[in-house]
Amino acid sequence: MYRAILFDLDNTLIDRQAAFRLYLIDFCCRSLQLSTQAEQEQAVDELLAADDWGYRPRDQFTEWVSERFPDAQLQASDIWEDCCQHLPSFVEPDSRVQGMLARLAGRFRLLAVTNGSSMNQHAKLRRAQLTKYLFDTVVSGELGFEKPHPAIFERALSLAGCSADEALVVGDDPWADIVGAKQAGLRAYWVSLGRQYPCGATLPDRVLSSVLDLEQWLV
Ligand SMILES: [Mg+2]
């Protein structure tokens with residue numbers, strides 16, 4: 001029987017892909033020197049592809065943006081700062097996720113275990129109005145280890161006061177969430193969002209099309 005559920009944040013509890021798309025539209029208007037709507041739409045598509053669901057390391061992504069759009073004369077550090085400042089404001093609260101967490105919080109200790117900067121990830125949680133349902137939050141930027149490193153899962157287990165076999169990880173990143181969790185000895189459910197699981201990665205214990213499918217497996 002599980003005592004704790006360790007949720008990934010981006011593209012698991014929040015629709016980070018939708019928020020990032022809206023942020024990129026805003027960023028392209030404000031910061032890139034593009035003259036037509038068609039150029040802006042193409043830039044958004046290219047930026048989304050380069051971001052790869054947020055899995056690409058941030059320093060690589062921002063360097064790529066800087067080199068791809070030289071007329072904007074943006075340093076990678078400027079792009080990262082802009083993203084941290086503006087992205088959280090595009091995260092939308094989801095009443096369905098809130099309702100599920102409200103029900104689960106009465107039965108399990110719920111933790112967010114997320115890679116990213118402290119400011120950015122906490123701002124997204126507040127914007128999504130999820131903080132009140134969480135027993136605790138572990139952010140890689142505060143810990144010095146990021147998923148898939150076992151230390152971040154061990155930290156979450158310590159905060160939850162349970163062992164690896166009493167906790168479940170739920171996340172969308174096959175490598176950071178699923179492979180990482182399995183290496184740390186936890187069970188892991190993968191949120192597919194309609195994607196195929198990559199060959200060669202340790203298989204998840206279950207595939208969910210969305211985090212909202214979780215509850216039916218916890219009866
Ligand atoms: Mg994620």
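**Labels and their grounds**

Modeller: Keep in mind that this is a predicted model.

Biologist: Why is Ile-178 called buried?

Modeller: Ile-178 has 30 other C-beta atoms within 10 Å. The label requires 20 or more, so Ile-178 is buried. Ile-178 belongs to helix α9, residues 174-183.

Biologist: Which residues is Ile-178 in contact with, leaving aside its neighbours within four places in sequence?

Modeller: Gly-171, Ala-188, Trp-190, Ala-201, Thr-202 and Pro-204. For Ala-188, ten residues from Ile-178 along the chain, the C-alpha separation is 5.6 Å.

Biologist: Why does Asp-52 count as exposed?

Modeller: Asp-52 has 11 C-beta neighbours inside 10 Å. The limit is 12 or fewer, so Asp-52 counts as exposed. Asp-52 sits in the loop between α2 (37-51) and α3 (58-68), and its phi is near 50°, a positive value in a residue other than glycine.

Biologist: And what makes Gln-73 exposed?

Modeller: Gln-73 has 10 C-beta neighbours inside 10 Å; with the limit at 12 or fewer, Gln-73 therefore counts as exposed. Gln-73 is in the loop between α3 and α4 (76-86), and its phi is also positive, near 50°.

Biologist: Which residues of helix α5 are buried, and why are they said to line one face?

Modeller: In α5 (residues 95-104), Val-97, Met-100 and Leu-101 are buried. Down the axis of α5, the buried residues fall within an arc of 95°, so they line one face of the helix. What covers them includes β2 (109-114).

Conventions. Residues are numbered from 1 along each chain as its sequence is written. This is a predicted model: local features need pLDDT of at least 70, side-chain atom pairs count only at pLDDT 80 or more; totals for chains, interfaces and linings use all residues. Helices (H or I, at least four residues) and strands (E, at least two) are DSSP runs, numbered from the N terminus. The arc is that of the directions from the helix axis to the C-beta atoms. Two residues are in contact if their C-beta atoms, placed from the backbone, lie within 7 Å.
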